[in-house]
Amino acid sequence: MSDNNWLDEVKWDDKGLVTAIAQDAQTQRVLMVAWMNRESLQLTADTGIAHYWSRSRNRLWKKGEESGHLQTVKELRLDCDGDVIVMQIEQAGGIACHTGRESCFYRRFENGGWVITDAVLKDPDAIYAHGHQH
């Protein structure tokens, strides 16, 4: 096992989590924001594939395990306060969002409301055999 001191430099919150941002390595677009715990960050570093902690399912979550839309990590960064991880990733299938869109950030604020700006690239029902999950 490798020396894990680098994990101690992360400022985990009271639930043992840290915010993790996935950015497209080519376009720099923010694709999604999720949570990581110590184990998921270690797995991400070891495998080169993004792993998260799903708060709703209360378990480790390998992004793309159901959809096939894996995230290959090109670079991992930690911010100055140690409480945010930013990953440069390659998104398999070009879809990061469980709604079938490229990015989870598909709503833009315009004229006092949220406007959907991104098309669905693939029907979520076609992505997930077992119905809708985030």
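In what order do the four strands of the open sheet lie? In this predicted model, the order is S2-S1-S6-S5, and the pairing within the sheet is mixed. From one strand to the next, the twist averages 30°.

The pairing of S2 with strand S1 (residues 17-24) is antiparallel and extends over seven bridges; within this part of the sheet, Ile-21 has Val-33, in S2, as its bridge partner. Helix H2 (residues 38-47) lies across S2, S5 and strand S6 (84-91), and its direction is at about 120° to that of S2.

Aromatic side chains were examined next. A pair of aromatic rings is described by the distance of the centres and the angle of the planes. The structure holds two aromatic pairs. Tyr-52 and Trp-61 form a tilted pair, with 5.3 Å from centre to centre and 40° between the planes, and both Tyr-52 and Trp-61 are buried. Phe-109 and Trp-114, by contrast, form an edge-to-face pair, for which the centre-to-centre distance is 5.4 Å and the angle between the planes is 65°; the angle is classed in this way because planes over 60 degrees apart count as edge-to-face. Phe-109 and Trp-114 are both exposed.

A charged group is also placed over an aromatic ring: Arg-101 lies over the face of Tyr-106, at 3.9 Å from the ring centre.

How values were computed: Residues are numbered from 1 along each chain as its sequence is written. This is a predicted model: local features need pLDDT of at least 70, side-chain atom pairs count only at pLDDT 80 or more; totals for chains, interfaces and linings use all residues. Side-chain values use heavy atoms; hydrogens and water are left out. Rings of Phe, Tyr and Trp (its six-membered ring) pair if their centres lie within 6.5 Å; planes under 30 degrees apart count as stacked, over 60 as edge-to-face and the rest as tilted. Buried means under 20% relative accessible area, exposed over 50%, partly exposed in between (1.4 Å probe, protein chains only). A charge sits over a ring if NZ of Lys or CZ of Arg is within 6 Å of the ring centre and within 35 degrees of the ring normal. Two strands pair if DSSP finds at least two bridges between them. Helices (H or I, at least four residues) and strands (E, at least two) are DSSP runs, numbered from the N terminus. Axes are lines fitted to C-alpha atoms, for helices over the stretch in contact, and angles run from 0 to 180 degrees between N-to-C directions. Contact means heavy atoms within 4.5 Å.
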